[in-house]
Amino acid sequence: MSNSKRLIAAATLVAAAVVLASSSADLVLAVREPSRIAALGARAFAGGDLRARFELQILSLAGHADAKRMIGEAILDGATSKPPEEGLMYLRGAAASGDRGSQRILGKALLFARGGIRKDEVEARRWLESAAEAGDAASAYYLGLLFRTPGPDYDPSEGARWLKLAAAQELPEALFALGNAYRMGDGVEVDEQRAVDCYMRAAEHEHPASLQALAMAFRNGELGLARDEEKVSELLLDLEHAIRDAPTPP
């Protein structure tokens, strides 16, 4: 190691010691309560608090998946000057520890090339399957999309299987996608009653696209539903509220 690298390493250790000495109580609380790590992440990146960033780094080095995940996402979103590949490094570290949230975020990032990273469906599938098999509904949903998108993994039946797993946990986006599958016979047999059931269940969660699909079905007398303008008006009113308060995607 060169003298300059030794000096940098020594300076880093000294700085870490100072931070640890001045905020050890806060760090201990953060380890015990994940919500405190979330607050630390907000201060670090949304608030530009450099000390909070350093504390997150310490927690990350100590192996805390929440800290690694927050740093990785911040890098991919351009909240730091670090290259996106470094964000992947943090996310992979958290995902490898078995953190389902990190596995989902990493898989989704690789699937949609978040932050300018290279799209990699093979690795994306691996992480999403790991999280989905452990019960993560959103990961199962994104696997459903992956298998239903033209490409090397295109398999509508497999896509529908994953969508069913996500829909069983009442994930609105999965219910809507599964409803479309039953409506079109995409990977499953055409079943208008099941399509309506999926749309209805998603609509109970104020899912905008499902509310719109039901409104149009009642207006046009589709999917085995009788025309009902009163129901159309009710659904469109619900749609207006749902669009205004739409949640972020899973």
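**A tour from the surface to the core**

Begin with the whole surface of this predicted model: the protein exposes about 13,100 Å², of which carbon and sulfur atoms supply 54%. Switching to a cartoon view, you will find 13 helices and zero strands, and of the 250 residues in the protein, 41% count as buried. If you then display contacts, those between residues 24 or more positions apart account for 47% of the contacts with a separation of 6 or more.

Next, select helix α6, residues 100-112, whose end C-alpha atoms lie 18 Å apart; at 1.5 Å a residue its 13 residues should span 18 Å, so the two values agree. Colour by burial along α6, and Gly 101, Ser 102, Gln 103, Ile 105, Leu 106, Gly 107, Ala 109, Leu 110 and Leu 111 come up as buried. What covers these buried residues includes α4 (65-76), α5 (84-96), α7 (121-133) and α8. Just after α6, stop at Ala 113, which takes a positive phi of about 55°.

Now return to Leu 106 and show its neighbours: leaving aside residues up to four places away in sequence, Leu 106 touches Leu 88, Leu 91, Arg 92, Ala 95, Glu 123 and Trp 127. Leu 106 is also, with Leu 110 and Tyr 141, one of the residues with the most contacts inside the largest nonpolar core, which has 52 residues. Select helix α8, residues 137-148, to see the element that gives the most to this core, with seven residues.

Finally, select Ile 37, Leu 40, Ala 67 and Ile 75, which are among the 13 residues of another core lying apart from the largest one.

Key
Residues numbered from 1 in each chain as written. Predicted model: local features only at pLDDT ≥ 70, side-chain atom pairs only at ≥ 80, totals over all residues. Heavy atoms only, no water. Core = buried A, V, L, I, M, F, W, Y, C linked by side-chain atoms within 4.5 Å. Buried < 20%, exposed > 50% of the residue type's maximum accessible area, 1.4 Å probe, protein only. Helix = DSSP H or I, 4+ residues; strand = E, 2+ residues; numbered from the N terminus. Contact = heavy atoms within 4.5 Å. Expected span 1.5 Å × (residues − 1). Areas by Shrake-Rupley, 256 points an atom, 1.4 Å probe, with all protein chains shown as cover.
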